[in-house]
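Trainee: Could we go through this one together, side chains and strands included? I'd like to ask things as they come up.

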Amino acid sequence: MADRAAVTGPTRALIVANPASGSHSPQWIERIAELCAAHLDSVEVYLTTAPGDATDVARDAAADGGTATAPDLLVAVGGDGTVREVVQGLVDPGSDGVSLAIVPGGTGNSAYRMLWGDRPWEDALKAALADSGPGGTARAHRLDVALLRETGNAVFLGACSGVIADALITAREIPLTGRARYAKAFADTAAAYRPYPGRVTVDGTVVHEGPTVLANVGGGPYRGGQYLVLPESRLDDGLLDVCVIGGDIPASRVPELTRTAAHMEHPATVYARGRTIVVERTDGQRLPLEHDGEYQHGIGTSATFEVREAALSVWAPAQLP
């Protein structure tokens with residue numbers, strides 16, 4: 001069923017903001033609310049107080065979607081972690097009546113960038129609020145997500161095993177902010193990284209087996225806001241892309257290569273698409289894995305990703321990147 005907002009534009013907004021995000025301030029939230037109020041019938045603001053809070057609020061909004069007083073626009077204000085929680089809440093019951101808009105307020109902001117690039121957030125939000133009619137510059141797209149079978153979590157931005165996952169652990173000790181923090185963490189981790197023995201299966205066919213630097217399933221083209229790991233990924237084609245970088249590429253070269261997608265030209269890179277993708281570690285040890293910027297400590301030796309086609313309504317440019 002098409003979203004009402006995709007046809008006529010949103011009318012009622014719920015702003016879900018993370019006060020712990022790097023850009024948060026009462027004045028900034030007030031500015032976002034004012035922009036929404038200038039174009040919509042009603043606007044409410046909810047400030048999260050604990051991990052998982054945004055998921056609960058989004059789930060309630062999605063469950064009420066389509067009713068006369070429920071929001072038809074949920075504005076997620078924060079970083080990739082906030083977006084991850086909101087997406088989980090919207091996907092759980094299904095979000096036919098609620099569309100998502102993202103205002104970037106974190107460090108990497110990869111979820112925002114995969115939709116809007118470097119466009120200022122005010123321009124993007126105004127486009128969703130006021131320029132969404134026929135011929136407009138923005139609309140609500142039905143996008144695919146992945147379901148991580150082992151946890152039941154929805155994966156929006158993407159998931160990665162290996163060096164990109166371990167870089168999140170390194171980043172905790174680096175006294176920088178924004179993309180510079182992850183860039184240093186990625187480079188430092190890659191410099192000393194030893195590939196793990198892995199296997200990747202796409203729709204029942206093994207596409208890679210052997211030393212593995214990373215296996216990225218997604219999701220958006222970029223990770224860490226600047227690494228073009230999945231350059232051919234499309235967000236609404238009903239398939240999941242996977243990129244595997246094998247051990248014949250030194251991990252220390254991966255940050256440099258993925259900035260420009262030069263890894264795609266190397267014979268040790270495998271790129272495939274499918275509806276079900278299994279990433280395994282074959283030596284019996286725990287698979288190092290993250291998704292949407294969160295390290296998955298509870299994963300065992302494997303992770304299974306299944307596509308959920310057109311599962312999420314998200315505001316983006318009329319023509320997706």
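Trainee: Which strand is His-141 found in?
Mentor: His-141 sits in strand E5, residues 138–148, where helices (H or I, at least four residues) and strands (E, at least two) are DSSP runs numbered from the N terminus. This is a predicted model, in which local features need pLDDT of at least 70 and side-chain atom pairs count only at pLDDT 80 or more, while totals for chains, interfaces and linings use all residues. Residues are numbered from 1 along each chain as its sequence is written, and side-chain values use heavy atoms, with hydrogens and water left out.

Trainee: Is His-141 buried or exposed?
Mentor: His-141 counts as buried, at 3% relative accessibility; buried means under 20% relative accessible area, exposed over 50%, and partly exposed in between, with a 1.4 Å probe and protein chains only.

Trainee: And what is its side chain up against?
Mentor: A polar atom of the His-141 side chain lies 2.7 Å from the backbone oxygen of Pro-317. Leaving aside neighbours within four places in sequence, His-141 is in contact (heavy atoms within 4.5 Å) with Leu-312, Ser-313, Val-314, Ala-316, Pro-317, Ala-318 and Leu-320.

Trainee: Switching to the nonpolar core, which residues have the most contacts inside the largest one?
Mentor: Those are Ile-32, Leu-100 and Phe-156, in a core of 56 residues; a nonpolar core is a set of buried Ala, Val, Leu, Ile, Met, Phe, Trp, Tyr and Cys residues joined through side-chain atoms within 4.5 Å. Apart from it lies another core, of 43 residues, among them Ala-146, Val-202, Tyr-227 and Leu-240.

Trainee: Which strands does E8 pair with?
Mentor: E8 is joined to strand E9 (residues 205–218) by 7 bridges, the two running antiparallel, and to strand E14 (residues 276–281) by 5 bridges, also in the antiparallel sense; strands pair if DSSP finds at least two bridges between them. Tyr-196 stands opposite Thr-212 in E9, and Gly-198 stands opposite Arg-281 in E14. E8 and E9 form a hairpin with 2 residues between them, and Asp-203 in the turn has a positive phi of about 50°.

Trainee: What about salt bridges, how many are there?
Mentor: A search of the whole structure finds 13, a salt bridge being a side-chain nitrogen of Lys or Arg within 4 Å of a carboxyl oxygen of Asp or Glu. In one of them Arg-199 meets Glu-209, with the closest N and O atoms 3.0 Å apart. Arg-199 lies in strand E8 and Glu-209 in strand E9, so the pair ties together parts that are 10 residues apart in sequence. Arg-199 is partly exposed at 23%, whereas Glu-209 counts as exposed at 51%.

Trainee: Where do Arg-31 and Glu-122 lie?
Mentor: Arg-31 is in helix H2 (residues 26–37) and Glu-122 in helix H6 (residues 121–130), 91 residues apart, and their side chains meet in a salt bridge of 3.0 Å, N to O.

Trainee: Last topic, how many disulfides does the search find?
Mentor: The search finds 0, a disulfide being a pair of cysteine sulfur atoms within 2.5 Å. For Cys-160, the nearest cysteine sulfur, that of Cys-243, is 8.4 Å away, and Cys-160 is buried with a relative accessible area of 0%.

Conventions:
Polar contact = N/O pair within 3.5 Å; in protein donor to acceptor, adjacent residues only side chain to side chain.
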